[in-house]
Each structure stands twice: as C-alpha cells, then as structure tokens.
Amino acid sequence: MTSGTDAAGDPDTGPVGTLDREPEPPHAPVVRPDAEPASEPDPAAVPDDARQHEPDAEFESEPEPRGTRLDVWWARTLSTPRRRALWYWGGPALVVLLAAVLRFWNLGHPQAIVFDETYYVKDAWTLLHHGYESTWPEGADEAFANGDTDTFTDEGSYVVHPPLGKWMIALGMGLVGGAESAFWWRATTALAGTAAVFILMMVARRLWPSTILAVIAGLLFAIDGNAIVMSRVALLDNWVMLFALLGFWFVLLDRTWASDRLQRGLDLARASGYEPQYGPALWTRPWVIAAGAAFGATTAVKWSGLWFLAAFGVYLVVVDALARRRAGVPFWATAAILKQGPVTFLLFVPVAFVVYLASWTGWLVTDGGYSRHWADDPANQATGVFSWVPLALQSLWHYHQSAYSYHIGVHAEHPWQSNPLTWLFMIRPTNMYFASTDDGSGGCGADTCWSSIIGIGNPIIWWAAAVACLYLVYRLARYREWQTGLILLGLGAGYLPWLMYLDRTVFQFYSIAFEPYMILALTAVAGLILGRRDDVWWRRERGIATVGVYLVLAVLVSAFFYPLWTGIPITPDFRQLHFWLPSWG
C-alpha cells in the first residue's frame, strides 16, 4: 500500500499511484532523464579521512531520475484549486456525456419488440393500467410496435420476476413519453446504464482516491458493448446491475463511516477510564440502511439480488470484526458477531424486505393479478402457527413457490443460450435482433444490408478484464488488499451463484450484473501498470505508454463494433468481420 494525496485532497488509501496526485512543491522538481548530472563536490571540501575510507566516492552513480515530463506537466496543469476542481468533476462529466450519447443516440431503432422485450415492455404497460401484469392476444408484439398498445386483457399474466424492473421501464412510457415509440420504452433503461457509469466512477475514486483511475473505469464501462447493448434494450438485467452497484457504493461509504464512529466510541470510553472489552454497538449507520434498500431493490427486480444481499451482509460483519481488532478491542470477534452483528442485521435486512414487498403493492392492492385470490379458497389457507398471515400474503407466498419451481426447471434449448462457465471469456454472446433487406433500401450502400443487435462485449476490454479478475485472486492471497477483496466479493456475488445452475437455460447478457466489478478489476491492474509519479522514469514512462495505447485501442475497437450493438445496417461481409470467434455468429 502507498500513501499520498489526490488532486482533490483525498487521502490515498489505494495500492497504486496515478498522474493526478497533488503536485510536488516547486522546490522539489522532478529530474528529467536528459538532465545534466549534478556537479561533483569540491575535493578540498571533503576531509582527508573521508577520502581515505571512501576512495571510490567520486565514481558513485547518480540516483536514477524519477517521474516523467508528463508528470511535471500534469502537476503544473493542476497547480490551482480551481483547475483541480475542474478536473475532479469535469473528467467524470465528460465520460458520463459520452456514455449518454452511446446509449441514447437513435435509441428508438429498431421500432420493434426486441428479444425479451416481448415480456417486459408489455408487462410494464399493463402494470401502468392495472397495477398487475395482464395477458395479451397472439401477435401483440407487432401490433404494439405499430402503435396498437391497448389490446391487453384484464386477465392476470403468470410472470416469474418481481415487478420493480418493469415499473422502472414503465416510468418512461407513463410519465414522460408513451408506448407508441420504442425510444420511450427503452429510455429509463438507457438512463440507468448512464447513471451506472457515474456511480462506477464514484466507487473507483473511493477505492483509490484518484480521478484518473475513476475516469479510466468509467470510460471502459461507457464504451463496452455488453453495457451499451443492455442499456439500449428494455430488459431487467440493467436494473439488477444498477441497484447492486448502488448497494456496493453504500457499503463502501459505510466502511469509513463505521470505522470513524467505532474509534470515537472507544476513545470516549478510554478517556473516562474504562477499557471496553467489546466496543460499542453502532446503531447510527445510514449507509447500511441505504445498502439494504439498494439490495432489496435488486432482489425486487430479479431474485439473483438475494446473493448480493447475503454476500455484503456477511462482509459488513467481517469488516466490523477486523476494525475492532485493529482498534485493540480484546473480544473483537465475539463483539462483531454477537453485539454488532444483530444490530447490523436489523439495519440491513428488514429494510431490504420492506423494499421488496413494496414492489408488489400493485399486485396486493388489486384483485386481478395471477393467483391473487389463491388463498381465498379454504382448502389452500394456512393453518397452525401461520394462520394469522393475511390471505393476500399467503397467496403471494404461493406465487413465489410456483415461480421458484419454474426457475429451477427451465431447461428448454435456446439457440443463443450459454454456459455460465464461459461467461468470463464471452464465448456465446446473445443475438437479440436481426433484420435484412435485399433491395438496396437498407442504407448500407449495398443491395443487401443486415442489421443486428448482439451483446458482444468489447473483446479488448472483456478479455483483459477476465484476466485481471484472475490476477486479483492471486493478489488477494498475496497482499490481502481490502480493495481487491471487495471487488472480488462483488464479482463473486453476481457470478458464482450461476455456477450452481449449469444445466439451466441462461444467457451471456446476465453478466451485466457483475460487469462493473470486472471493470474495477481491470482498473486496478491499469493502476498498477501506471505506477507512481515517483517511480524511476523508465518504468513510469512505459506504464503510461502501455495504458495509453490500450485505452486508444479499446476506443477504436468499440467504434468498430458499434454497428453490431445498435442495429446500424451494414453489409454481410462487414458483419462477418466482427465474429472473432466462430461461436459469435
């Protein structure tokens, strides 16, 4: 671990150094590689006995120069508070703007129901009208895309995902635009993807107080194909990613908050002459409550959010135990588990449950939802200790049992399904849309034009991130950096549970839920390659050049793949050039 100061004045707690550290004082300039060697001391000024005992002193080499000219220029550029503030906020703002352009440009194309939009867009529209998802007649997709959006029935539809993600999709149609344009049924999802880029940069800056690393993380996420595609189709998984990332950020904020208040409590006790054996129980932890709400919202989009809730619930207890041990609390483990643990549970889990249950409000307060009155039949009602539970909640519980049985039993073959073991290496991305024209009207400059939306991540980003994740596993074992452990925890919560369902019908695009942590892993490695400003000049120079060339290459590859992410018409031959692996086509 290193120490230093960010351009904005934040303490450096990260393992890497970057270009935007606080400029060095003017009286301590960086030595350039081509600088003239310092003049040798006057031999007459050196005592005879010193020359006698150090006969080769005049032949000792000068210390290697540190830093680069770029570091000197950057320190000069950020030499005033106003410039530092401009970079602190301006850099992330430009990345967010880029992300918004890539996600919102031509968002209404294609004006068609794409892939699983067939479920979520129409469900969202009926939620607005009924408060629950209802059924549609055959052929409703094409009619809906053509503006005939009122052919739904009053009969409840059997759905297997909670309602919150569909309510978020409905916001764009109900509060701002309408269902007639594909732009509006995708608008909030694109907004979620853009917001996630900003949140990821805030997370990165919290992990390593460095704006340049935050900008690198945001840039990589902004231009990656999987993130762009999942922001441009009205599916649920982008909302899983966003709410889980919010929870991750809140847990990260609680880390400092709780540590400071623990130390204050211990200091007050010791100042009064009392040596605490367990330490105080911390009830004032607003970020834990916020994290519980965020992970509850994640679960209210898809049940896979439960894994984030469980993983970070355990993490909060472990971090508290380690904080108490560092603070010198004698019974730190017992205190974390038996004293603070129950408090953390009460702050964390009930709020998640309330948020989850609230997402079902429309189903609970109306009468037409699927299985809404299942428990009204006396033969279905609970008896014994659960007989007091309201019938609506009994019906909801039955619905959940049915949906769970459906989820674990999904084994139907699909041409674009992929095995979770291959997700980190993006072996089988999902083709969500395809259209062709053969009469020269496609707009690609040829007679035959093909349009596709394929969730191929930028290969330069995705494969490098996969390798970075594997390296961070080693680095955690070797150095035990808390940043590395937290990144891998987020990755594991989003990815590892799927390895229990290798025979299920699942898709590569589910990986959007854990992609932010892959990007953070790649950013951590980029920071290590960049090195510190006080590294020897040749190492620092090579690090900057390596990261710079990589980022330029990643941007160029994204520009090359962008037509396949957005349905831009291209020729079949040009489309084929994008299939770097046979399994992509």
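View 1. You'll find Met-426 in the loop between helix H15 (391–408) and strand E1 (431–437). Helices (H or I, at least four residues) and strands (E, at least two) are DSSP runs, numbered from the N terminus. Met-426 isn't a glycine, yet its phi is positive, at about 50°. For background, most residues other than glycine have a negative phi, and most peptide bonds are trans.

This is a predicted model: local features need pLDDT of at least 70, side-chain atom pairs count only at pLDDT 80 or more, and totals for chains, interfaces and linings use all residues. Residues are numbered from 1 along each chain as its sequence is written, and side-chain values use heavy atoms, with hydrogens and water left out.

**View 2. The loop between H3 and H4, with Asn-106 and Pro-110.** This loop runs between helix H3 (81–104) and helix H4 (117–130), and Pro-110 is found in it. The peptide bond from His-109 to Pro-110 is cis, with omega near 0°. Asn-106 lies in the loop too, and its phi is near 55°, a positive value in a residue other than glycine. Asn-106 has 38% relative accessibility, so it counts as partly exposed.

**View 3. Asp-141 and its contacts.** Asp-141 sits in helix H5 (residues 140–145). Its relative accessibility is 25%, which means Asp-141 counts as partly exposed. Skipping neighbours within four places in sequence, Asp-141 is in contact (heavy atoms within 4.5 Å) with Ile-113, Thr-118 and Lys-122. Val-121 is 20 residues from Asp-141 in sequence, and their C-alpha atoms are 9.7 Å apart.

**View 4. Helices H7 and H8 crossing.** Two packed helices are described by the angle between their axes and the distance between the axes. Here, the axes of H7 (residues 182–207) and H8 (residues 211–223) come within 8 Å and cross at roughly 150°. Axes are lines fitted to C-alpha atoms, for helices over the stretch in contact, and angles run from 0 to 180 degrees between N-to-C directions. H7 and H8 are therefore roughly antiparallel to each other (over 145 degrees; under 35 is roughly parallel, 65 to 115 roughly perpendicular and the rest oblique). On the H7 side, the residues that meet H8 are Ala-196, Val-197, Leu-200, Met-201, Ala-204 and Arg-205. Their H8 partners include Thr-211, Leu-213, Ala-217 and Phe-221. The residues of this contact divide into 11 nonpolar, two polar and one charged. Ala, Val, Leu, Ile, Met, Phe, Trp, Tyr, Cys and Pro count as nonpolar, Asp, Glu, Lys and Arg as charged, and the others, Gly among them, as polar.

View 5. Thr-523 lies in helix H18 (residues 515–530) and, at 0% relative accessibility, counts as buried.

**View 6. The whole protein, for context.** There are 20 helices and two strands. Of the 585 residues, 51% count as buried.

How values were computed. Buried < 20%, exposed > 50% of the residue type's maximum accessible area, 1.4 Å probe, protein only.
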